[in-house]
Amino acid sequence: MSTSENRDRRRKPSITGPEMLEGRRLLTGGAGGTFAILPTSIDTAGGTTAVPFVISSKSFTLPKSGKLTLGIDVVAQSGSTVQAKLDSVTDVATKGEVRATQAKFATPAQRKASTTGNKSSASVFPLTVRLNAAGEASFKANISAKGATKGAALLGVYLAGDVSGDGKVDAADIKALKTAMNAVAGTTKYNFDADVNRDGKVTNQDMKIAKQNVGAATTISPVVSANLDEASDTGLADRVTKATTIGFNGTASPGSLVSFTEISGRVPVVATTVDATGNYKITTPLGAGANTFRVSSNDSFGQSIAGNISPVTYDANAPETITTKA
């Protein structure tokens, strides 16, 4: 969701749900320090939509400033022609609204010709977080479609000032931002992650926003992994096993619910809660033949990630070793 021409590979436009498989990992990711990716759709030309999200005391630490400043970027999904625009963020409980302010690109940091307008697609929102008895505060991001456009879009949410992408804003981020100060997109000094308002240049405005957000942190992550336990892959490392029950391990947002659903419905759905360190273990029975599992994760922020992993095959006669003649 970068607005720069010089994005590195990890800042390529995101896709809905996980990217299909790097090895045995189920992955999704976003631009810069994006910690959540929320899909949405505007189904009528020039229409609007609202995307809900939740700030939970279990997943967020508030900054010293007392306001949690989030950056939200909105782009069309692959194949969509919608020109989506962030309008505001609303506190659901109080109906209070923070209007979006889109930064303008400077002449040396103009967008690519394929994009529209001369403003960043991102906005930063200083949110007053009023936690309820459950330790949660609900918000919604309000989006509209320009002109007569419509279609699917993605919201990427990041902690404003999290230059390192480690889920917190601290002194190291401020130092990194100082190093990139006054750089514009297209130069070697430019650091996309230090460009807090995503306008193609690093300025004192970015520093001001970051400093106000020092102390902010989150454990929410846009990455889910699902790895077959080595002990479950009996014999050869080929995802063919004699075991009738197998185990997986992986990572996801702490406290999120991870479920494994065999797509043919031959075995029961199994689910577990990710522990405080972001790790989980889960076991599931297998049906005869190939078993393809759809892995889904739902976290407290409102982010849902789902995708199929490579099949695991149950074969009672699976070979255990390779033998060769002398």
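**Figure 1. Pairing of strand 4 with strand 10 in the predicted model.** Strand 4 and strand 10 (residues 136-145) run antiparallel and are joined by nine bridges. Within this pair, P52 stands opposite K140 of strand 10. Strands, like helices, are DSSP runs numbered from the N terminus (strands: E, at least two residues; helices: H or I, at least four), and two strands count as paired if DSSP finds at least two bridges between them. The structure is a predicted model, in which local features need pLDDT of at least 70 and side-chain atom pairs count only at pLDDT 80 or more, whereas totals for chains, interfaces and linings use all residues. Residues are numbered from 1 along each chain as its sequence is written, and side-chain values use heavy atoms, with hydrogens and water left out.

**Figure 2. The open sheet 4-10-7-8.** Four strands, in the order 4-10-7-8, form an open sheet with antiparallel pairing. Strand 4 (48-56) and strand 8 (97-99) each have a single partner strand, so one side of each edge strand is left without a neighbour in the sheet. On average, neighbouring strands of this sheet are turned by 25° against each other, direction ignored. For such angles, axes are lines fitted to C-alpha atoms (for helices over the stretch in contact), and values run from 0 to 180 degrees between N-to-C directions.

Figure 3. T90 belongs to strand 7 (residues 84-91). This residue is buried, with a relative accessible area of 8%. Buried denotes under 20% relative accessible area, exposed over 50%, and partly exposed the range in between (1.4 Å probe, protein chains only). The side chain of T90 makes a polar contact with the side chain of N142 at 2.9 Å. A polar contact is a pair of N or O atoms within 3.5 Å; within protein, one must be able to donate a hydrogen and the other to accept it, and residues adjacent in sequence count only if both atoms are side-chain atoms.

Figure 4. On the buried face, Y280 has a relative accessible area of 4%. The C-alpha atoms of Y280 and N249 are 5.6 Å apart in space, although the two residues are 31 apart in sequence. K281, by contrast, is exposed, with a relative accessible area of 71%. Its C-alpha atom is separated by 9.2 Å from that of D229, 52 residues apart along the chain.

**Figure 5. Pairing of strand 15 with strand 18.** Strand 15 (residues 245-251) pairs with strand 18 in the antiparallel sense over seven bridges. I246 has T284 of strand 18 as its bridge partner.

**Figure 6. The open sheet 17-16-20-21.** Another four strands form an open sheet in the order 17-16-20-21, with antiparallel pairing. Strand 17 (270-273) and strand 21 (304-308) are the edge strands, each pairing on one side only. From one strand to the next, the twist averages 15°. Strand 20 (residues 293-298) runs antiparallel to strand 21 and is joined to it by five bridges. S297 has I305 of strand 21 as its bridge partner.
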